[in-house]
Amino acid sequence: MEHWFTDIAQALVNWLMGLGLSAGWADFVLLIVQWLCIVMIVTINVIILIWLERKVSGFIQLRLGPNRLGPYGAFQTIADAIKLLTKEDIIPSRTDKWIFMTAPLFFIVVSVMLYAVIPMGDGMQVVDFNVGLLYFISIGSLSTICLLMAGWGSNNKWSMLGAMRAVAQMISYEIPLAISLLGVVMIAGSLRLSDIVVAQGNIWFVLLQPIAFITYFIAATAELNRGPFDMPEAEQELTAGAYTEYTGMRWALFFLAEYTNLVAVSALCATMFFGGWQGPGLPSWLWIIIKTYLIMLVFMWMKWTFPRIRMDHLMSFSWKILLPVSLANLVLTGFGLEFFKWMGWW
Amino acid sequence: MVLKQQADDDLEMMEKNGIIVTTLEKIWNWGRAHSFWPLSYGCNCCPIEMMAAGASRFDIARYGYEVFRASPRQADLLVVAGPITVKMAPAVQRIYEQMPSPKWVLAMGNCATSGGPFRDGYSVLPGADSLFKVDVFVPGCPPRPEALFHGLLELKQKVMGKK
Amino acid sequence: MYGKGLLKGLWITFKHSFEKKDLVVRYPEQMPHLQERFRGSLAFDFEKCIACGICIRNCPNNVLSMETAKDEDSKKKKLMQYTIDLQYCMFCNLCVEDCPTNSLYFTHDFELSQFHRDDIKRVYHRPPELDQQEAAQKTSDQDTQTAADDKKEKQLRAMINAINKNPQKVLARVLDGEEQVEVLAAVLMADEKKLARMAEMMITDKEKAKKVALAFVKKELKEREKGGDQ
Amino acid sequence: MDISLADLAFIILAGFTLLTALGVVLFKNIVHSAIMLVFSFLGVAGIYFTMHAGFLGLVQILVYAGAISVLIIFAIMLVMNQDPEKTNLPSPNIPNIMAGTYLTILLVGALVGSIWFTSFPEKVAPVSGDELGLLTGLMLGDYVIPLELAALLLLVAVVGAIILARGAEHK
């Protein structure tokens, strides 16, 4: 059970080599297969997640949530997906057509690219990049451009304002996000995510870096544009933010990308702070799934508990509280490390 | 006619042998009928009942219709709740036209159905069906949330083609 | 302390998400509990209605309307059709309050959705049973009338016969003196009309009969006196 | 001609970068130009990747494609004319054309000169093992003072910009 997926991959490579392909091409084909798997996982995850989101919101609000289609309403999202697929695709005439049409595609591509470096089990990683964490953060920063494209392309004031808000928020919160993760990197001594997981063999970094964890969690919520930081889509003021003009499948792509980002950020959280795929008994890929889902449940729990924050509060919170706190944590970690080395405990 | 007869015979044969035959249209309609996303639009007291329908006691989410969208581009169902004044009519018309098809309209309450008490007024339209085709009328002043649900379920039957 | 409120909020939502969801009314399977005075939809009882039109005059929205026809025999208003156009109703209860016979009332049926606007209108036609019933009522009335007439006639004939046979004995019920009875009998025997009138009066109203009889007697006596003079 | 996978990747990426760079210059709509700039940055980052300089490539993406380009787009949107088609047209008046030509000649000259006079080694031994560690050693060891100076310069620039903006507001 532990090595199911790695064994399958190995068998595939062996089979391709047997067909007469060189090792490099076999790896290339394997890469493509892995990408396809990731896309599949993402899609299935999103279907489960949207159902879960609606159920969790219902439970928190003392409601039942969807319960008509299938057991506990499990097929609700499938019905929604079918409906969104068959909706009319409106492209308003005054839009910047190419930007409008390609923005959701870029968004989803960027979101799926995040998965390349996340270790989904022992040795189950598409690319074991030596700067994996930096890769995650920098690719994640590209999604701001996609949102800006969506906002600009729509030629709609709500879209533009929503996109501006989203970009301002995401750029502001990227800095505390990155700096809070640096503390973990300092302790682990590597930017390679598999190294960071291995470094948590004895103790999870959430215990060594509690401040960094809290900062990361808050910044990640803002990065994902989720409640209570969902200012870019604030329905009361901005209709649907940057997505106002998007219909049917294009809008669904945005939705898909948002939930994809949610999974990616939660998986990174599990990897950085909760020991990644390490855990007793169960196979490693199951452990990361469990941890990721628990973290996502906390994200949902927060979203349905807290009211939305005002935009200026949001920005001042990032620059005046979160950034100094994460910087202080960085300095503290540095001193702590030196202290431990000096004492000879490290 | 002959071909149709043959197709029907084939269908019967397949059903007998345990092969489920369906058309894409049926699957699509199934999807559409189970996820009306209403536009959050309303005028006066009917929207209050609509809000109540979304709240815990009545819980519109059980049918999967709780995703109130603020943008008409993502909505499937226009719940016209409240009287359409002459000044509001162009806005409602525009909202309706901005919704992507397939779209449905539910006239909630008597003002939207017929103009209600204002039917002879100079400033109110006598019913939403003077602007566009309305699929389901839910009379009431205002209708209970359950009455709204009844209208939605009727609409579901209509979309799935059972009536 | 910063963050205490946030944690408290999280705890509250966490607690509530594991509660039993008894609050939710599971509508199509479970009907909601409706209060007794809940105004679901307006209903009409055709048989009780007396077509007085108070409801129509009271309705602020012109929801109600009726068609009446005149009954030829009794010259009464007759309700032919009653319409409740529920799409205009605002459930104000004015019609129900003022209905003198409680033929309008609210029911708890709130499932009124229709695909077509015209289907919302409720038209109550005059039930054919009601017509039949009324017709039956009328014929039976006529029957009783004729029966009573027959009875009266028989009585009258019997009385006239009795007076013809034995004037002194029968007329003694009206008048006291023998002489007077003689006179009356002579008058009545002479005039058949007077006899019939007297007989009828004797059946229906004895006091009047007495007075009339006295008057007859006095007139006869006077005439006889005049006759004697001549 | 024998083309390896790495060469092919380089050719594709270089072509992509050049095309998008041309797009920046030639597109009439200035927002399209800005978005092309993002793709150009991404192409440059890709070239870094082919040269096994993953850290540099990612920093390129993070700083240039993710942040600087957003700043550029913001600036464009704030100062733009109503009609985006008109903002990027060549200026008709002669002094502007003269200045532009002069600047272009200067830049191209500097670029060609710097390429011409630099001696590029034909073959560099690939960094064995930890290239990240090497980079860290260089940046925070040998060249720590230039690095800090550059940081200080940026800080001064930021403070100056803030003072300028605030001052304009107060007046």
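Between chain A and chain B, 21 residue pairs, both members at pLDDT 80 or more, are in polar contact (a pair of N or O atoms within 3.5 Å; within protein, one must be able to donate a hydrogen and the other to accept it, and residues adjacent in sequence count only if both atoms are side-chain atoms). The model is predicted, so that local features need pLDDT of at least 70 and side-chain atom pairs count only at pLDDT 80 or more, whereas totals for chains, interfaces and linings use all residues. Residues are numbered from 1 along each chain as its sequence is written, chains are lettered from A in the order in which they are written, and side-chain values use heavy atoms, with hydrogens and water left out.

The same interface holds five salt bridges, each a side-chain nitrogen of Lys or Arg within 4 Å of a carboxyl oxygen of Asp or Glu. Glu66(B) and Arg54(A) meet through their side chains in a salt bridge at 2.7 Å, N to O. Contact, meaning heavy atoms within 4.5 Å, involves 33 residues of chain A and 31 residues of chain B.

Turning to chain B and chain C, the contact takes 34 residues from chain B and 27 residues from chain C. The area buried here is about 2,500 Å², with 61% given by carbon and sulfur atoms; buried area is the accessible area (1.4 Å probe) that two parts lose on being put together, summed over both. On the chain B side, Arg57(B), Arg119(B) and Arg144(B) lose the most area to chain C, together 23% of what that side buries. One salt bridge is counted between these chains, and the side chains of Asp129(B) and Arg117(C) meet in a salt bridge at 3.0 Å, N to O.
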